[in-house]
Amino acid sequence: MTSFAQQIAFGGSNPIVTSDDGRILDGLSLRNIGVAQGVKPNSRIALKLDDPLDIVSALAALDGQVEAILLLSHALAPETAQILARTAGCSLFVSDMMPEPEGGIAVKRLEAVLGSHRREIPLLTEWLMTTSGTTGIPKIVPHTLRSLTRSVYRFGTSTDQASTPVWGMLYDATRFAGLQVVLQALIGGGRLAVIDTTMPLADQVSALADHGCTHLSATPTLWRRLMMVPAHGRLSLRQVTLGGEIADQPTLNAVRAAFPAARLSHIYASTEAGVGFSVTDGLAGFPLTYLDKAPGNVRLKIEEGVLWLLPPVTGLVPSLPGIEVDDAGFVRSGDRVLVEGERVTFLGRENGLINIGGVKVYPEAVEAVVKTVPGVALVKVSAKRSPVTGALVVAEVQLDTEADPDATRRMIQDTCRARLDREAVPAIIRFVAGFTTNAAGKLVRTGG
Amino acid sequence: MNKLEDDIRRVFAEVWALEKGSEAPALMPNTILLETGLDSLGFAIFVSSLDEALGYDPFTLSEDAFYPQTFAEFVAFYERYRPNT
């Protein structure tokens, strides 16, 4: 077992992580970075860092030296982060912005846990990732470096700087898709270009072009937006990757036309099964032949229109509440699929979960808020297809007989804005005369 | 200025007011849509509101994906896919 630091492809003094503010990390330093004396082999550490360079340093230092690393998005609320850290059994937070909580888990800055100590034989550190979703507490999904790097392609370490892949970083590095970019870049033999993702997109595109970015991974929603930036022609991309949402054919066609020299991949990843695979033929969905043999030794099957996956490494299947595993070890992905001819395409989630540009919204959570508005008798929240963000939230509302439609509409908007994330606020509110209910008296929900 | 362009401007101003709570910026033919300050979600709501107001969505109707960069290109795209009736 080799640690993340040992697997970094370029170990020399050339920069392998560059930031648009001029800071760099080199492979030699990252390979030799250690931990402070107080960091013990049985430490379970929660990371909540904003700066991708800090995240890379922390992962290089801690993998192989501690029992577990919990990767938390810097965007998480401190209370949610505390709950997750407690659930994961963490005794320490490493964070650049969290205040020391009263009676909670201790917080240290990154500098305080870095040092010169390194075990010669690395431990098998757990990498604990969290699911995304705009409502409720995220779930913890256990991984190891091995399970996370299964799909990393090793380019080798050519000394020819011009052919070294330069990966642009547009994602949160603590999330599955962002971490894949970090690991692919550093273990695969490339360079990671970190830019300020709070800048206007046109400036981000320019910064990526200035960095010589050749490989870029983003959600279909972000790709569609990128193609509206006039300067996107400055990017000379060799690899274009779409992930995090269903990649539809018009978007794949448009990206191919915009970057004709690039290899085009779209990624399917299942948080439930902790695995994914990529498709490189430029067509939406995946070939039916994957049911016999899928890339990355993942095994697939379809039952009643739902995709099931068998991860290649057993023992890593997350035993999370609500995740179904059959006798053969196949995990129910929750993704509805359609088989047409020789192709399998994705239809959406069976639980109605709505994916808005990569942000996941539970219809029930939105319904619960809309129901609190006076004048609302019944509400059903569903998805409407959007050519921009993949989907939007639609609320169909049945009003009480005496309710004023205009005033109620405004109150629904105001209430949702105050209590929900922006993506979860219904973009469209329609008033309807009535709903279909099933035998149990529940609203009939059709997945979207 | 034709009626379609008027309608598009009106819906833009409505979506802007709802999303940003302020007066919408002026849209010139060469205005880069992404530089108006409307993000992906705002733009998605704009396109969806136009669908509700005009009764069609050229982004869904067109065979190939097209991403208009300027306001003039955006209006021309809607003009091209306007139903004949």
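**View 1. Pairing of Ala68(A) with Glu126(A) in the predicted model.** The structure shown is a predicted model. Ala68(A) has Glu126(A), a residue of β9(A), as its bridge partner. The strands shown are β5 (residues 68-71) and β9 (residues 126-130) of chain A; they run parallel and are joined by 3 bridges.

**View 2. The open sheet of 6 strands in chain A.** The strand order is β7-β6-β4-β5-β9-β10 (chain A), and the pairing is mixed. At the edges stand β7 (106-108) and β10 (140-144) of chain A, each of which pairs on one side only. From one strand of this sheet to its neighbour the turn is 25° on average, with direction ignored.

**View 3. Helix α3 of chain A on the sheet.** Helix α3 (residues 52-62) of chain A packs on the sheet, where it touches β4 (44-48), β5 and β6 (92-95) of chain A. The direction of this helix makes about 170° with that of β4(A).

**View 4. Helix α4 of chain A across the strands.** Helix α4 (residues 78-87) of chain A lies across β4, β5, β6, β9 and β10 of chain A. Relative to β4(A), helix α4 runs at about 160°.

**View 5. The contact between chain A and chain B.** Chain A has 25 residues in contact with 19 residues of chain B. On the side of chain A that touches chain B, at least two residues each come from α8 (201-210), α9 (220-226), α10 (249-258) and β24 (376-386) of chain A. The largest share of that side, 4 residues, is supplied by α10(A). By residue class, the side of chain A that touches chain B holds 14 nonpolar, 6 polar and 5 charged residues.

Note on methods
Residues are numbered from 1 along each chain as its sequence is written. Chains are lettered from A and ligands numbered from 1 in the order in which they are written. This is a predicted model: local features need pLDDT of at least 70, side-chain atom pairs count only at pLDDT 80 or more; totals for chains, interfaces and linings use all residues. Two residues are in contact if their C-beta atoms, placed from the backbone, lie within 7 Å. Ala, Val, Leu, Ile, Met, Phe, Trp, Tyr, Cys and Pro count as nonpolar, Asp, Glu, Lys and Arg as charged, and the others, Gly among them, as polar. Two strands pair if DSSP finds at least two bridges between them. Axes are lines fitted to C-alpha atoms, for helices over the stretch in contact, and angles run from 0 to 180 degrees between N-to-C directions.
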